[in-house]
Amino acid sequence: MNLTLHVWRQKGPAAAGRMVTYQARGVSPDQSFLEMLDGLNEELITKGEEPVAFDHDCREGICGSCGMVINGVAHGPEQTTTCQLHMRSFEDGDEIYIEPWRAEPFPVVRDLMVDRSAFDRIISAGGYVSINTGSAPEANATAIRKEDADMAFDAATCIGCGACVAACKNASAMLFTSAKVSQLAKLPQGQVERKRRVLNMVERMDQEGFGNCSNYQECEAVCPKGISTQNISVMNREYLRATLTGA
Amino acid sequence: MKVLEERLDARIPDGPLDQKWTRHQGEMKLVSPNNKRKYTVIVVGTGLAGGSAAATLAELGYNVLSFCYQDSARRAHSIAAQGGINACKNYQNDGDSVRRFFHDTIKGGDFRSREANVYRLTELSTDIIDQCVAQGVPFAREYGGTLANRSFGGAQVSRTFYARGQTGQQLLLGCYQAMMRQVNAGKITLFPRTEMLDLVVANGRAIGIITRDMVTGKVEKHCADAVVLATGGYGNVFYLSTNAKGCNVTAGFRAYRQGAYFSNPCYTQIHPTCIPPHGEHQSKLTLMSESLRNDGRVWVSKTPGDKRAPDQIPDEDRDYYLERIYPSFGNLAPRDIASRAAKRVVDEGRGVGPTGVGVYLDFRDAIGRLGAQNIAAKYGNLFDMYQRITDEDPYKVPMRIYPASHYTMGGLWVDYNLMSNLPGLFVIGEANFSDHGANRLGASALLQGLVDGYFVLPYTIGDYFARFKKLDASADHPEFDQAEARVKDRIRTFLSINGRRTPDSFHRQLGQLVWDKCGMSRNAEGLKEAIARIPEIRQEFWEDVKVVGSGEDLNISLEQAGRTADFIDLAELMCRDALAREESCGGHFREEHQTDEGEALRDDERFCHVSCWKSNGTDPDPDLILEPLVFENVQLATRSYK
């Protein structure tokens, strides 16, 4: 199939960006979206032009590296990561608009690549269990209900790609942050730091400049891992509880 | 090739096998807590090995500089491991023990790994589960609240702990979170989007690294009291593999060029259950967890060229070849055995799918027995992933699978302390050679990464610091300038060639050659041919590669060129190693050495050793040093899974 691509090109965070139009020819429906861009880049390099920069790595939908807004939707028309989006989701002759995640806390590094280190800083504010290595109790000493383990797991599947932020008109990071908060709040291991964790993580999230949640649920709609906005309710309850009773 | 007389000291402690590690721990020297903050450690890579090492070393009080090429430590490729992690907890009461796990691993590695290392790996496996559960890793559980287990290829007990099909992700997030806690405490400094391009060695000791900031292009020097490489494997030498696109051999290969020995490079594991390649634009292969073989049955048609749809092929026309040939292990036969069996039926013309390169992995019977819902609960995300990639519904039609390059058992040589032959250079996880022999059993890679990082290196690195005088070197040391000059020179060269072909096109060409001649099976003729052709590819590369842009900027083609150049050199080393090892073992199958039934034929008389390659600078002909493998606790036996 042949496609017309409009790709956001931007040299760096301070530089002005613009859409540049390219033709992609002979694309196979079995190719992934990133493989289609690989093809474009091979052509650009051969012509002596700089390739389009985009983040990618595992190409199995799990590392969370890739992510771009395709025709206005984070990760494109299927609810999956960009690397798992296949060209069979498009028609021959389609025009495709490709842009980076747009959110102030995610400055553009170059082209389609953005800086998501704000997510790392939210985790470092408290998204962990402070267990020291080498002195853990026997794993089966604490029984955990399967239902609780499963719910914690559902939250833990977040891959930190940032589509939730890109899709949100407030650039809110609440789906990401709440997934970690509710995973650890569900498990007995997370209890000791439960209140301090949510306070610190929410504070950090605000400091980074992410907006608030106003229940549009666009985040859930684009999340490649189907993280539920129920986690946001859990985080709100956890936050309220911590502020009312003190950490 | 010259075989050197040099004797390598693996520093394996004396005494009975089950007491070696405990005794060694008691004998190692300690660094006093108030002195630990005076030491700085560089950890390259943030996967299970690097992440757990960085977190633990920082927690102990050392200053840690953590480097990764991704934008965040959480994205290391360990995250993609699906199946599980082994530990002999014997929760199922099905007869598991350290001894049994040890024996399975030694046998699974085809008696080409070190007894003492493997024993320690299995011994510490139980601690890892405790550690990860305490971190909040949500492992699968039974309704009674206890941890669930399943069985995996190569084992007859249920010793694999798992978190749906995302075990690697959950374990990695556990150590990433532990790392971020130390970042918050100021003990770890992160260097994401940073690539290690050289190792700095002074007076025989590793004292630092040279990196390139992948965003600004800045080449930087980093000095430390020790350097830890946790940079994963080199499976991307085949271009198509299950590794992430960015996985590369550069860090390890630069260390090799600076004097670290590279061991057993020809041992690459071919994983039996990957989605078959579909076309020439493909950038990578996707693995389907081996756990699928617990319920899926592998088959092809009995007659070559049978083009019927799978549901039109009645049972009597199907060949469930793994169950037929290996009745006691059946579909759970180890990876090398299952991979070669698939290759054989495809070579016989009995392969399935549009390309004829593939075999069926069929869940019809399991769905009939357990119901689609239960199958979805166990493997749902894998089924979804398969459907997304192939556009076929595995609940209705059998999956198609074929072997692909997955894990590399070879790597930099290390002693029992996980230190290379260069003092101060430690190598952990897949980047070293030590624990898996010629073949890795399922669910033991995650284990090795975490055992090395959480429970071995943090002890042994302290012993190194306590024994060696503290470094007084800084990044002003002349060796740093030389290494920096090497790196900058190489970058300048790439940018000045201005040829016609992209770096990726060379990588694809190289990958195809290595897969054909040094892939699932090898023979002397093919290897000699590859050894003759690789220098031609190298020469063309250095004359005709096209790298656009500049060095002082984010530059994808420059990154690709650097990695491809190292893969070219590594590929040659792999082929030389494969040619020298005139036997078949594990993932290394030399066609000249097989039984009448087509199984691997080892030669314990001549090859019960680790091959350690020593670089001769730019001369492509390296020297060989042998580390004999001594087995005191197991009988070397022919592996049989029949």
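Here are a few friendly notes on this predicted model, point by point.

1. The predictor gives the complex an ipTM of 0.98, along with a pTM of 0.97. For chain B, the average pLDDT is 95, and 100% of the residues score at least 70.

2. **Chain A as a whole.** Along the principal axes, the C-alpha trace of chain A spans about 60 × 35 × 35 Å.

3. The chain has 247 residues, and 58% of them count as buried. The accessible surface of chain A is about 9600 Å², with 47% of that belonging to carbon and sulfur atoms. Among the contacts in chain A with a separation of 6 or more, 70% are between residues 24 or more positions apart.

4. **A residue to look up: A:T81.** Where is A:T81 found? Look in the loop between β4 (73–74) and β5 (95–99) of chain A. Is A:T81 buried or exposed? A:T81 counts as buried because its relative accessibility is 2%, and the cut-off for buried is under 20%. Setting aside neighbours within four places in sequence, A:T81 is in contact with A:G61, A:C66, A:H75, A:I159 and A:P224.

5. **Where the two chains meet.** How many residues does the contact take from each chain? Chain A gives 76 residues and chain B gives 74 residues. In chain A, A:E60, A:T133 and A:F153 lose the most area to chain B, and together they make up 11% of what that side buries. The area buried between chain A and chain B is about 6200 Å², and carbon and sulfur atoms give 52% of it.

6. **Charged pairs across the interface.** Between chain A and chain B, the count is eight salt bridges. One to find for yourself joins B:D391 and A:R88, where the closest N and O atoms are 3.8 Å apart.

7. **A nonpolar patch on chain B.** Which residues make the nonpolar surface patch of about 250 Å²? They are B:M1, B:V3 and B:L626. B:L626 belongs to strand β20 of chain B, which covers residues 619–628. With a relative accessible area of 31%, B:L626 is partly exposed.

How values were computed:
Residues are numbered from 1 along each chain as its sequence is written. Chains are lettered from A and ligands numbered from 1 in the order in which they are written. This is a predicted model: local features need pLDDT of at least 70, side-chain atom pairs count only at pLDDT 80 or more; totals for chains, interfaces and linings use all residues. Side-chain values use heavy atoms; hydrogens and water are left out. pLDDT is the predictor's confidence in each residue, from 0 to 100. Helices (H or I, at least four residues) and strands (E, at least two) are DSSP runs, numbered from the N terminus. Buried means under 20% relative accessible area, exposed over 50%, partly exposed in between (1.4 Å probe, protein chains only). Contact means heavy atoms within 4.5 Å. Patches are made of residues with over 30% relative accessible area and no salt bridge: like charges are joined within 9 Å, nonpolar side chains (Val, Leu, Ile, Met, Phe, Trp, Tyr) within 5 Å. Accessible areas come from the Shrake-Rupley method with a 1.4 Å probe; for residues, only the protein chains shown count as cover. A salt bridge is a side-chain nitrogen of Lys or Arg within 4 Å of a carboxyl oxygen of Asp or Glu. Buried area is the accessible area (1.4 Å probe) that two parts lose on being put together, summed over both.
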